Amino acid sequence: MISTETLWRDIEAIREQAPLVHNITNFVVMNTTANALLSLGASPVMAHAADEVEEMVGLASALVVNIGTLSQMWVDSMAKAIPAAAARTIPIVFDPVGAGATRFRTESCLRLMGLAQPTVIRGNASEIMALAGAQVQTRGVDSGAAVDDAQGAARQLAHQWQCVVVVSGASDLITDGEALWWVDNGHAMMPRVTGLGCTASALVGAFCAVNDQPLTAAAHAMSTLGICGELAAESSVGPGSLQVAVIDALYGLTREEVERRLRVRG
Amino acid sequence: MISTETLWRDIEAIREQAPLVHNITNFVVMNTTANALLSLGASPVMAHAADEVEEMVGLASALVVNIGTLSQMWVDSMAKAIPAAAARTIPIVFDPVGAGATRFRTESCLRLMGLAQPTVIRGNASEIMALAGAQVQTRGVDSGAAVDDAQGAARQLAHQWQCVVVVSGASDLITDGEALWWVDNGHAMMPRVTGLGCTASALVGAFCAVNDQPLTAAAHAMSTLGICGELAAESSVGPGSLQVAVIDALYGLTREEVERRLRVRG
Amino acid sequence: MISTETLWRDIEAIREQAPLVHNITNFVVMNTTANALLSLGASPVMAHAADEVEEMVGLASALVVNIGTLSQMWVDSMAKAIPAAAARTIPIVFDPVGAGATRFRTESCLRLMGLAQPTVIRGNASEIMALAGAQVQTRGVDSGAAVDDAQGAARQLAHQWQCVVVVSGASDLITDGEALWWVDNGHAMMPRVTGLGCTASALVGAFCAVNDQPLTAAAHAMSTLGICGELAAESSVGPGSLQVAVIDALYGLTREEVERRLRVRG
């Protein structure tokens, strides 16, 4: 189980090493994702051209693939980047935005996951259930199901792909198919900011870059974002200021705040 | 004519139903558009791939098409989404960003509008005049004309396409070709924030999703954004903080503020 | 050498003329770049379609080309826009984001620069060294070298392309191959905000649009952004609020603040 000790060790490692996190992500969140990684201490790069993704992966310490505004060409680039990352054995984080909403999304996910084992899959309950083959309709990109409903699907998916699965929601579930942890950090206003789930995936990439235990790294990422969301909510009057304050909180996070706020269950 | 009563009914409906608004919009505003819709209470989805737009439209309560950073492939996807929305009779909001600035923009607009009657067209004065065939040069994406100058063009366009036309500016004009309303809400700093016009179009989509009278829904959207702009300006020192505060204001808007501030003319 | 006098003359010219700055830039920074230009007083347009870039360039007072999230199609559009700008003799600002990180980036830069002399090239130390053919590895899009290391490369590049070269960093270096100036404005937190380098390039475009001396215009742009970064840092608690406050500062900048803060060396 994670603790202030283990989490803070990773944050210090990110701040010292500034790992390069290569993101192939969606248009909606590129700015906020890059800013979240920079504020945490990582070094983000956004690059999606088929002509360069393999070479860029060669420089990176983690690859984060997010299909939020996918199109065929972008999926083809992701399909070049993923095996390149696997060949270098750097962590691969996969964010199946809107899986279950359209066939194109679900099928693109299965195609990409089939190319190389992801290290971590992070989605909302609907997305994880859709990937596990459950009959669920994702309502656009927002979940139509609760995290609890996705518990079986998450375990199944983790077993099937031999990876860690994160289901984010009011409480976040993290499992490798055997262990199953809950992170209770976060704030009710967070789902009203677009793309904080995508930010979570990017942070998972940064933590995996400095910690070779993906279950631990993913739990560190989710609790870090949750704690920063709580801190941000205290100085925010709505989702606009919350988005800004989450970035600030990632920059200023102290060990004391982690110690005071970390809420995880085994 | 709209009133606090009619406007507030729609806001409560959006907050309760969280209608899914499918946006095919430009890269500049995707983040702020999604956040504005989330803060108001709607559920945004951004999806533009030819492979999925028809299926995504099938889940949506409104389609918003915005050509701000158009390219041929994106226009082709819009050309698939629009008839799909028409077939389901969900509202279609069309934002002709930069119409009149280049032939490609003007011609793409006419092509898209020819595929299915838009429910609402929202643009600035130059854009509306360009669509009506008036000799006007749009200066990039900013208007080179005043709203008053576009009054005839707006009426003509509304008649021609049997739709509602919104011309936004210092005061916003809303017409279905017969009735002609003015919304006097807003703040002089708003044009210094990129994409608040695009936000307006997205909000028109959300209001049309819960109100089948497009003239009323469009007036509700424009006055809501104008009122939130006024509220935001009170706590802002420049366009950066204004952009953030508008999102906050959409989240926190109360009936009392609407009552105090709503300024419309028939 | 620049002074408060020369800088303030340009700022007033931008605020009065609102020059149209055509940006073909990356997805990460489109929103913040447009907002920075609007706040300064310029009129931004983002347009990248091969079908319209030449016509849009025909309306613009400056062209800013930034390869941050390049792909083949975007480079092809840049390759149409650049000669069109050269034919009209409007200033061309080139931002070689990530040059040296991948062959595709370095080669695309050389292809684009070969089409027409840029007016100003602005990059970080690694990027400028990579363009000058030095053996340096750009680490993603962040510099792996200090500005001092790039002094020779900057001079060489300026001679070779007969243009002005800006190397941004803790202090910014600006040279036309002969004169070499340093701008010492700025704040240590600025590199933690994504895309402030891209903002710098866009501001160089705005200043070049009103000042036909590119060396002076580039120094004005770099010191303006640096001063606004200092002002912003005073009211910010992290990179999130800094990004917002920089936009505000560009809007509210006064001659008094310029006078108090401008720090340049010949």
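Start by selecting Thr4(C): leaving aside residues up to four places away in sequence, its contacts (heavy atoms within 4.5 Å) are Arg255(C), Val258(C), Glu259(C) and Leu262(C). Thr4(C) belongs to helix H1 of chain C, residues 4-17; helices (H or I, at least four residues) and strands (E, at least two) are DSSP runs, numbered from the N terminus. Colour by accessibility and Thr4(C) comes out buried, at a relative accessible area of 11% (buried is under 20%, exposed over 50%, partly exposed in between, with a 1.4 Å probe and protein chains only).

Quick housekeeping: this is a predicted model, where local features need pLDDT of at least 70 and side-chain atom pairs count only at pLDDT 80 or more, while totals for chains, interfaces and linings use all residues. Residues are numbered from 1 along each chain as its sequence is written, chains are lettered from A and ligands numbered from 1 in the order in which they are written, and side-chain values use heavy atoms, leaving out hydrogens and water.

Next, hop to chain A and show its open, mixed sheet of nine strands, ordered E2-E1-E3-E4-E5-E6-E7-E8-E9. Two strands pair if DSSP finds at least two bridges between them. At the edges you'll find E2 (43-46) and E9 (264-265) of chain A, each with a single partner strand, so one side of each has no neighbour in the sheet.

Now pick E4 (residues 92-95) and E5 (residues 120-123) of chain A, which pair in the parallel sense over two bridges. Here Phe94(A) sits opposite Ile121(A) of E5(A).
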